Amino acid sequence: DLLPLCRYYSSSKSKLGIGQKLGSRLQVANAKYERFLQRHFPRFYVLYHTFTKGFRLLFQDVREVKVIKTRMLTKGIEFKDLPYRDMEKLRQFRRDMTKAIPLLLISIPPFANYLVFVLMYFFPRQLLIPHFWTPQQQTDFQKVNHAHRAQQYWAVLKGLESAGSHVKDGQLKRSLLDLCNKMQSGVHPNISDIQAIRNLFSGPPLGIKRMNANHMRHLCPLFFLTSYLPTPMIASRLHRHTLELLQLDRSLSRHGQHRLEDSELRLACYVRGLDSGGLDINQCREWLSQWLQLSSRLRESEASLLVHTMVLLSANYLTRRNE
């Protein structure tokens, strides 16, 4: 009875040894291929290395998201109750997949993948997720994306000023117009200046689903959302992203800002509207503290103020620091 079992064990062990040898040979061959590319085709090597590393990072994200989703399902945890890093991972993964899936669908027809590679080569910022960017592209594209976002600052401020004409409460109206004047004069506002107008953002004229369509379209780029959609869809997407950001803030407050690594701190500032690449880490920490000081006091019905704060706290921050 033991003889067949021994044979099976010996056979399995032999197959395992063959598999290990084959895997080892493939690793050696791959290393030689990479050295060949690096020596003879350095530009192509950078692309090759970036893409292989990108796929490893993507598969790692898929595994981590699966673990998070399983834990949410088995333990009945809602998104709003997740730890900060898990919540940020899910938020970023959803955004990445929203960008990647259309490209994957385009590549399905025969030979279409060659067209996709050409498009990815010439339009990496628009078509690729950050996993597939080189370190230099990471820096450059972040600056470009923020520049597009910052182009809306003036229009958002003008929209706030215009909304003041519809405010009946005299004190609120003065506070709003004073804040707009400060911003347009290059002054970085105090948190108390922004808190003074919070009641305007739970209904008309500045609640997420109560503001005019043009103003909503100017807010879309702050979240890197397209504005070329019907107004109800824009309102719904803005509302969803703003509430998600508010939940992320609450989770970050529970986690503790001081526990963030430097890269996480810079990303947190960037997600909330600040061009953190040009600041030192202490400036990022100070700015995020101001943001959380305001965000922690907001109700969900006032979440519209949060998206406007992306402009109010960011537009003149560098100006103030350079004075």
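How many of the nine residues of helix H14 (residues 304–312) are buried? In this predicted model, in which residues are numbered from 1 along each chain as its sequence is written, nine of the nine are buried, and H14 is mostly covered. Local features need pLDDT of at least 70, side-chain atom pairs count only at pLDDT 80 or more, and totals for chains, interfaces and linings use all residues, while side-chain values use heavy atoms, with hydrogens and water left out. Buried denotes under 20% relative accessible area, exposed over 50%, and partly exposed the range in between, with a 1.4 Å probe and protein chains only. The buried residues of H14 are Ser304, Leu305, Leu306, Val307, His308, Thr309, Met310, Val311 and Leu312.

Across the protein, buried residues make up 41% of the 323 residues. The secondary structure comes to 15 helices and zero strands; both are DSSP runs numbered from the N terminus, helices being H or I with at least four residues and strands E with at least two. Of the contacts (heavy atoms within 4.5 Å) with a separation of 6 or more, 63% are between residues 24 or more positions apart.

The axes of helix H11 (residues 231–255) and helix H13 (residues 281–295) come within 10 Å and cross at roughly 110 degrees. Axes are lines fitted to C-alpha atoms, for helices over the stretch in contact, and angles run from 0 to 180 degrees between N-to-C directions. H11 is therefore roughly perpendicular to H13, a class that covers 65 to 115 degrees (under 35 is roughly parallel, over 145 roughly antiparallel, and the rest oblique). On the H11 side the contact is made by Leu245, Leu246, Asp249, Leu252 and Ser253, and on the H13 side by Leu288, Trp291, Leu292 and Ser295. By class, this contact has six nonpolar, two polar and one charged residues. Nonpolar covers Ala, Val, Leu, Ile, Met, Phe, Trp, Tyr, Cys and Pro; charged covers Asp, Glu, Lys and Arg; the others, Gly among them, are polar.

The second largest pocket holds about 410 Å³ of space. A pocket is an open set of points on a 1 Å grid over the protein atoms alone, where a 1.4 Å probe fits, with protein on both sides within 12 Å along at least five of seven lines; lining residues have an atom within 4 Å of a point. The lining of the second largest pocket comprises 15 residues, with Phe44, Leu47, Tyr48, Phe51 and Tyr121 nearest the centre. Helix H2 (42–75) and helix H4 (112–122) are the elements that give two or more residues to this lining, and H2 gives the most, with seven. The lining has 11 nonpolar, three polar and one charged residues.

Most residues other than glycine have a negative phi, and most peptide bonds are trans.

Ser175, in helix H8 (residues 170–184), counts as buried at 15% relative accessibility. Ser175 touches Ala196 and Ile197, residues up to four places away in sequence not being counted. Ser175 and Ile197 are 22 residues apart in sequence and 6.5 Å apart in space, C-alpha to C-alpha.

How values were computed. Points joined across faces, edges and corners; volume = space filled by probe spheres on them.
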